[in-house]
Amino acid sequence: MSDLRLGEFVGSLDCGTTSVRFIVFDQYANIIAQHQLEFPQYYPAPGWHEHDANEIQQVSNECIAEVCRILERDQWAKESIKVIGVTNQRETTVVWSRSTGRPLCRAIVWTDSRTKSIVAHFEKVLASTGIEVESGQFRKGVDGVEALREIAGLGLSTYFSAVKLRWLFDNDENVKKEYEADNLLFGTVESWITYNLTGGFNGGIHVSEVTNASRTLLMNIRTLQWDDRLLKFFGFRRSILPKLVSSSEVYGLVAGGPLNGVPIGALIGDQQGALVGNKCFGQGEAKCTYGTGAFLLFCTGNDIVQSSHGLLSTVAYQPGPGAAPVYAIEGSIGVAGAAIKWLRDSMGFIKSAQEINTLAASVADTGGVYFVPAFSGLLAPYWDPSAAGLLIGLSAYTTPGHIARATIEANAFQTRAILESMKLDSKADLKHLKVDGGMTNGDFCMEVLADVGGFEVVRPDMRESTALGSALLAGAAIHLFGWNASDPHTFAQVNTKGSKTFLPSLSDEQREGKWLAWLQAVERSKGWERKTDE
């Protein structure tokens with residue numbers, strides 16, 4: 001090690017839906033080293049999507065080890081990494097054994113829609129009995145739905161962790177048995193990763209960070225504590241739950257491996273991480289991340305804004321233990337990059353995701369084709385779990401290029417739908433949208449987004465915003481570089497590289513014509529699968 005340089009860097013472990021990457025940043029957000037690996041996806045039945053939690057952890061360990069090798073190859077000591085943060089796919093539900101530390105089953109992924117009958121059941125409970133908000137006092141019907149939103153910030157949906165956990169308890173005998181024996185631990189992905197990084201069943205800590213917990217339907221969005229009313233409603237005991245922690249603090253030290261003894265200083269859901277990474281700290285600032293899905297977050301400061309137009313109230317980040325949380329409203333799109341993956345892997349239209357831009361640009365328009373990629377129902381602002389994927393407007397004239405272009409336009413239409421809702425909730429027009437994520441690498445995708453949306457699209461040159469967000473919060477936890485998560489000005493020198501702006505070129509008449517046709521397609525996709533209540 002004596003021949004290696006010793007720097008001051010921050011590591012970020014970004015555990016996404018299809019891959020994990022570990023990125024090392026310096027104080028200006030320059031990337032010093034990175035490594036990314038995909039992990040298997042399991043689709044055992046229509047609408048089902050599962051992960052093996054052990055495989056996520058294994059890939060995470062491999063990415064960390066490889067980055068440490070890259071650092072040493074480039075003459076940097078691995079001890080240059082002073083702290084790490086973790087950012088992760090949200091809502092994905094992991095259960096494991098308290099006694100062995102091993103998963104009890106595969107994790108149910110956020111996109112999974114098998115829980116439609118569970119949602120239907122609890123909708124009926126809300127309608128008939130309601131939710132007990134005080135001893136002996138119930139709110140039911142529309143008032144019950146509103147009570148749930150007031151407590152958790154969310155409505156009932158297949159999207160959130162509580163209904164996935166309820167499905168496991170009702171349908172997996174092994175999970176049920178371990179729960180009854182009080183030998184079960186529940187967590188979202190950051191909880192599982194932190195448990196293992198800090199030792200697993202040999203002393204690993206069981207924690208969950210508030211932005212992730214705010215997506216479970218079990219946390220009170222105001223108190224940032226697990227809420228007994230929600231636990232009673234869904235039928236869970238408190239002993240399975242992790243301790244709640246802020247987004248920026250030292251939770252523990254890495255136990256073993258090349259980063260042994262390095263503090264873990266940040267945990268944050270991936271979309272909130274991208275909000276921080278884009279430095280959207282001020283009220284009214286917004287970003288959209290285009291990955292497997294797409295997620296548009298609009299910062300509302302220290303105020304909780306209850307949407308009346310199909311959006312979610314969520315925690316944006318909590319800058320430290322006991323600190324006042326920052327909130328956001330969010331629009332969630334279930335399928336964005338996943339539709340391109342479908343064209344590649346299932347339809348064989350392209351050999352790599354990057355080819356989508358070339359194929360889509362090979363035609364002047366979609367030839368009248370519209371694509372509603374409701375593979376697991378529709379999320380914001382429609383919230384219809386019974387919607388199904390729809391390609392409409394097909395003719396003998398249709399080519400793969402038309403379908404590819406319709407896929408890219410679908411992403412833009414879904415973004416516009418959320419922005420229309422945000423405009424109604426915030427009473428303000430969004431002049432430009434900051435974007436990041438894998439889909440933003442193609443200029444053509446961004447041009448279509450600007451045209452269909454009718455707004456400026458601003459794409460930063462350094463687009464690893466999700467990982468950067470957790471790195472900023474981790475560095476702040478140990479006061480590295482003078483960073484302070486409660487004082488955004490301390491990040492002024494971070495990621496000051498340039499950006500590229502895409503301007504709309506369609507006429508208003510053309511844009512509105514396409515928009516109205518898209519809305520018709522969405523209406524036709526709704527209600528395809530009838531709700532059932534087991």
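In this short talk I will go through one predicted model, from the whole chain down to some single residues.

Before the details, please keep in mind that the model is predicted, with local features needing pLDDT of at least 70 and side-chain atom pairs counting only at pLDDT 80 or more, whereas totals for chains, interfaces and linings use all residues. Residues are numbered from 1 along each chain as its sequence is written, and side-chain values use heavy atoms, with hydrogens and water left out.

Let me start with the chain as a whole. There are 15 helices and 25 strands in the chain, where helices (H or I, at least four residues) and strands (E, at least two) are DSSP runs numbered from the N terminus. The radius of gyration is 22 Å, close to the 24 Å that the globule rule gives for 534 residues, so the chain is as compact as a globular protein of that length; the radius is taken over C-alpha atoms, and the rule is 2.2 Å times the number of residues to the power 0.38. Along the principal axes, the C-alpha atoms fill a box of roughly 65 × 60 × 40 Å. Of the 534 residues, 59% count as buried, and here buried means under 20% relative accessible area, exposed means over 50%, and partly exposed is in between, with a 1.4 Å probe and protein chains only. If we take the contacts with a separation of 6 or more, residues 24 or more positions apart account for 71% of them, a contact being heavy atoms within 4.5 Å.

Now please look at the open sheet of six strands, which has the order 3-2-1-5-16-15 and mixed pairing; two strands pair if DSSP finds at least two bridges between them. Its edge strands are strand 3, residues 31–38, and strand 15, residues 248–253, each of which pairs on one side only. From one strand to the next, the twist averages 25 degrees.

Which strands does helix 9 touch? Helix 9, residues 270–277, packs on the sheet by touching strand 5 and strand 16, and its direction makes about 105 degrees with that of strand 16; such angles run from 0 to 180 degrees between N-to-C directions, and axes are lines fitted to C-alpha atoms, for helices over the stretch in contact. Helix 14, residues 465–477, lies across strands 1, 2, 5, 15 and 16, and runs at about 135 degrees to strand 5.

Next come the helix pairs. Helix 4, residues 161–171, and helix 5, residues 173–180, pack at an angle of about 95 degrees with their axes 6 Å apart, which makes helix 4 roughly perpendicular to helix 5; the cut-offs are under 35 degrees for roughly parallel, over 145 for roughly antiparallel, 65 to 115 for roughly perpendicular, and oblique for the rest. In this pair, Leu-168, Phe-169 and Asn-171 of helix 4 meet Glu-173, Val-175, Lys-176 and Tyr-179 of helix 5. Helix 2, residues 116–128, also packs with helix 4, at about 105 degrees and with the axes 9 Å apart, and helix 2 is therefore roughly perpendicular to helix 4. That contact is made by Ile-118, Val-119 and Phe-122 of helix 2 together with Val-163, Arg-166, Trp-167 and Asp-170 of helix 4.

I will finish with some single residues. Most residues other than glycine have a negative phi, and most peptide bonds are trans. Glu-91, however, has a positive phi of about 70 degrees although it is not a glycine, and it sits in the loop between strand 5 and strand 6. Is Glu-91 buried or exposed? Its relative accessibility is 1%, so Glu-91 counts as buried.

In the loop between strand 21 and strand 22 we find Pro-381, which is joined to Ala-380 by a cis peptide bond with omega about -5 degrees. Trp-383 is found in the loop between strand 21 and strand 22 as well; its phi is positive, near 50 degrees, and at 25% relative accessibility Trp-383 counts as partly exposed.

Lastly, Lys-514 has its place in helix 15, residues 508–525, and counts as buried because its relative accessibility is 18%. Leaving out residues up to four places away in sequence, Lys-514 touches Tyr-370, Glu-409, Phe-413 and Leu-506.
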